[in-house]
Structure formats: C-alpha cells, structure tokens
Amino acid sequence: MKRLFRCQSNVLMLDEPKLCISSRMKPLLRQLLAAEVHYHMAAPGYLVFPGKAFHCDILLNIGVHIKAGRIQFLEFFRVIPPEQRKSYDAAASYAELSAALRRAYGPPAEAEAREDCRWEQWPLGKLTLLPDLPA
C-alpha cells in the first residue's frame with residue numbers, strides 16, 4: 001500500500017494547503033492560520049476548509065469532525081461551482097474520489113452499499129477518512 005505521509009505515521013499530509021493533519025485540533029488551527037487558509041465552523045464540532053489531497057486534481061472541501069479537542073474523522077466533498085450543479089453527477093464524483101483514496105491507501109477498511117450510494121472509510125491511525133457526497 002502506497003503511503004502519502006511525509007510528517008509521521010497517523011498523519012494525513014494534504015497537497016494544498018501543505019498541512020499535516022493529526023488527531024489533535026489545536027495544531028491544525030495553527031497551521032490553517034499560518035497558511036492563511038479560510039476556514040469556518042459549519043456547525044458545533046465541525047470545521048470546513050478547502051484543499052486538495054491524495055495527489056489528484058479534485059478541489060475539495062475538507063470537513064473536520066471534532067470532539068473534545070480531537071479530530072474524530074475527516075470528510076472530503078468535491079467543490080461544485082454553481083453553474084455545474086444542475087449537470088453534476090454525484091455518483092461519478094464519489095467514484096472518482098474513492099478511486100483516488102484507493103490509489104493512495106488501498107481498498108477501504110469498511111464499505112457498504114447504502115440507499116443510492118456506496119459508503120466507504122479508510123482508517124489512518126486515530127483518524128478516519130471518508131469520501132462523501134455533497135449536500
């Protein structure tokens with residue numbers, strides 16, 4: 001299995017911005033501020049910022065789920081420009097992101113078919129990576 005970690009194990013290295021995400025929230029906030037990355041708290045315990053990962057050209061929103069100062073899991077959503085939303089194919093987008101994760105980390109540790117999509121996850125030390133469909 002190919003590894004993308006450049007900092008240490010149990011860390012996700014993003015392509016853009018150049019950040020190392022571990023399971024602790026404070027270092028991530030410091031890195032986001034230092035890199036001048038715009039982020040926002042979309043809900044209590046849920047931070048979102050744009051970026052790229054997995055050596056692919058997909059512009060993503062990275063959702064960080066936080067509990068008690070620890071990152072529980074990371075979700076990756078494709079950024080869809082408003083003019084493309086009507087013709088957007090969510091299943092094809094999910095498949096593309098899933099393929100990028102498979103190239104980077106191998107097959108998912110867990111996967112199941114859900115109503116109209118597939119659900120997969122890749123554990124990464126204390127983190128869990130989840131490709132997701134946009135809301």
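Helices (H or I, at least four residues) and strands (E, at least two) are DSSP runs, numbered from the N terminus. The model shown is predicted, so that local features need pLDDT of at least 70 and side-chain atom pairs count only at pLDDT 80 or more, whereas totals for chains, interfaces and linings use all residues. Residues are numbered from 1 along each chain as its sequence is written, and side-chain values use heavy atoms, with hydrogens and water left out.

**View A. The cis peptide bond between E16 and P17.** The loop between β1 (12-13) and β2 (20-21) contains P17, which is joined to E16 by a cis peptide bond with an omega of about -15 degrees.

**View B. Strand β4 and its pairing with β3 and β5.** Two strands are taken as paired if DSSP finds at least two bridges between them. Strand β3 (residues 40-43) and β4 pair in the antiparallel sense over three bridges, and in this pairing H40 stands opposite V48 of β4. The hairpin of β3 and β4 has two residues between the strands, and G45 takes a positive phi near 75 degrees there. On pairing with strand β5 (residues 60-67), β4 again runs antiparallel, here with six bridges, and F49 stands opposite I62 in β5. Strand β4 (residues 46-51) is mostly covered, five of its six residues being buried, where buried means under 20% relative accessible area, exposed means over 50%, and partly exposed lies in between (1.4 Å probe, protein chains only).

**View C. The loop between β4 and β5, with F54 and C56.** F54 lies in this loop and has a positive phi near 65 degrees, although F54 is a residue other than glycine; with a relative accessible area of 4%, F54 is buried. C56 has its place in the loop between β4 and β5 as well and is buried, with a relative accessible area of 13%. C56 and A104 are 48 residues apart in sequence, while their C-alpha atoms are 9.9 Å apart in space.

**View D. The two salt bridges of the structure.** A salt bridge is defined here as a side-chain nitrogen of Lys or Arg within 4 Å of a carboxyl oxygen of Asp or Glu. In one of them, D57 pairs with K52, the closest N and O atoms being 3.7 Å apart; K52 counts as buried at 18% relative accessibility, whereas D57 is exposed, with a relative accessible area of 70%. The side chains of R78 and E96 also meet in a salt bridge, with an N to O distance of 2.2 Å. R78 lies in strand β6 and E96 in helix α2 (residues 90-105), so this pair ties together parts that are 18 residues apart in sequence. E96 counts as partly exposed, at 43% relative accessibility.

**View E. A surface patch of positive charge.** R24, K26, R30 and R70 gather in this patch. Patches are made of residues with over 30% relative accessible area and no salt bridge, like charges being joined within 9 Å and nonpolar side chains (Val, Leu, Ile, Met, Phe, Trp, Tyr) within 5 Å. Accessible areas come from the Shrake-Rupley method with a 1.4 Å probe, and for residues only the protein chains shown count as cover. Lys and Arg count as positive and Asp and Glu as negative, while His and the chain ends are not counted; the place of a charge is taken as NZ of Lys, CZ of Arg, CG of Asp or CD of Glu. R70 is in strand β6 (residues 70-78) and counts as partly exposed, at 32% relative accessibility.
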